[in-house]
Amino acid sequence: TSSVPAHVVVDVSGWFGASGASFTPLVPSRLVDTRTVAGGASVPAFTAYRLMVAGHGGVPATGVTAVALNVTSTEATAAGYLGVRSCSNPRPGTSNLNVGAQGTASNGVIAPVDAEGRVCFASNTTAHVIVDVVGWFGPAGASGFTPVTPRRVTDTRTTAEAVRPERPLELDFTGQSAVALNVTATEATAAGFLTVWPCGSSRPTSSSVNYRPGVTVANAVTSAVGTNGKVCVYASQPTHVVVDQTGSYAPRASTPSPPGTGGSKPMAETGALAVAWARTQIGRRYASINPYRFGDSRYGKAWDCPAGQAICARPDNFGTVRTVAAGDYVYDCSGLVVASWLRGSVDLVKQNASWTEPMYDLLPRVTRSTALPGDILLFDYGTTPDDTDHAGMFVSDAEMIHAGSCTGYNGVCLRPIDWAHVVAVVRPFAP
């Protein structure tokens, strides 16, 4: 419905459903601003600007089918429009945003990526392009989407308190991992921008809505929810803000399934949750200490030092002395696997399979061709006769997440699978 007579143009770019790709929200990250790249040249009219998104801004290098972006066109030489698409698709006759001459316009966009992980942008007018990534979709995504009847979350005009740079707005979305919003700036006193991001993390340099005095501007925004259950809204110049919620993302529900139900949908979903959480631990330190082996089934375990010590050393399971700051998280290979599967609501400690040998003996086997994200890869490098000595989590046929040797450090990372030394692929099950 419209409050005044108007023509309406509707373009469809995708759909959500039980079999659709899952979503993982990110803290917004700027992928490109053509004003600041080498030369600072605008993107010419009718010229495709190819942007690699896979492997950048928190987006995985593989396993991504689409990305959630905030796309801005600015300093256009004439009024026009900009479209976003997979670089493998021809330019459609649709637009994602419309911009006036020398104006700035932005919009939230969900765009598919091509086989190389790229997205293409094209405009019918020469303009600069700014792209921020806010999340990605794929089989290993963490959350499913649920639409909601649009509801007003806040309208600061009703409290006469405009949002100011020194006082960001905090909105409560407890129990949701991400939210789909329509965010409006109105009655601004000067040109500025809004940034929407998960509270508890540093405010990113990206923008969500660009506004100017005397003009009401709205934008579709997807935002992760902070660990405190809140989303923050920053205004670079005082403005009133109206926020409506149109959807919610939450971890996909899983149901118990018996051992050996290889390839069942519940296991695909719980495995995806396990992998999504493991990605958040990339860069953590390695130490051969498994805090889950003796019944401690928490979602992670920090290095514990004697009271008052900020840094301390102690031997790991192999006698190697490790020096780590108090509060840092450390993992051995099976410890990372157990911690990750706890996020998928599967407790390997209670299944007596919290290190490699019991995993090999007790968990159902699957083949390489039927492996799903989250399945456990067990290795034998011959360090101990007739024994498994390493574990990683299957992400794709080419990559795994593990705690161990990484390029330049020892810790949690995404790395190629050494299939020559894989002795089994096993699948946790929900008892």
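Okay, let's start with the holes: searching the whole structure turns up three cavities of 30 Å³ or more. By cavity I mean a set of points, on a 1 Å grid over the protein atoms alone, where a 1.4 Å probe fits but cannot get out. Grid points are joined across faces, edges and corners, and a volume is the space filled by probe spheres set on the points.

Before I go on, this is a predicted model, so local features need pLDDT of at least 70 and side-chain atom pairs count only at pLDDT 80 or more, while totals for chains, interfaces and linings use all residues. Residues are numbered from 1 along each chain as its sequence is written, and side-chain values use heavy atoms, with hydrogens and water left out.

Back to the largest cavity, which holds about 90 Å³ of space. Its lining, meaning residues with an atom within 4 Å of a point, includes Phe46, Tyr81, Arg85, Arg91 and Asn124. Which elements give two or more residues to that lining? They are β4 (80-86) and β7 (118-123), where strands are DSSP runs (E, at least two residues), numbered from the N terminus. β4 gives the most, with four residues.

Two strands pair if DSSP finds at least two bridges between them. β4 and β5 run antiparallel and are joined by three bridges, and Leu82 stands opposite Leu97 in β5.

On to the other sheet. Four strands, in the order β10-β15-β12-β13, form an open antiparallel sheet. β10 (169-172) and β13 (209-211) are at the edges with a single partner strand each, so one side of each has no neighbour in the sheet. Neighbouring strands here are turned by 20° on average, again ignoring direction. Inside it, β12 (residues 192-198) and β15 (residues 230-235) pair antiparallel over five bridges, with Pro198 opposite Val231 in β15.

Notes
On a 1 Å grid over the protein atoms alone, a cavity is a set of points where a 1.4 Å probe fits but cannot get out, and a pocket is an open set with protein on both sides within 12 Å along at least five of seven lines; lining residues have an atom within 4 Å of a point. Axes are lines fitted to C-alpha atoms, for helices over the stretch in contact, and angles run from 0 to 180 degrees between N-to-C directions.
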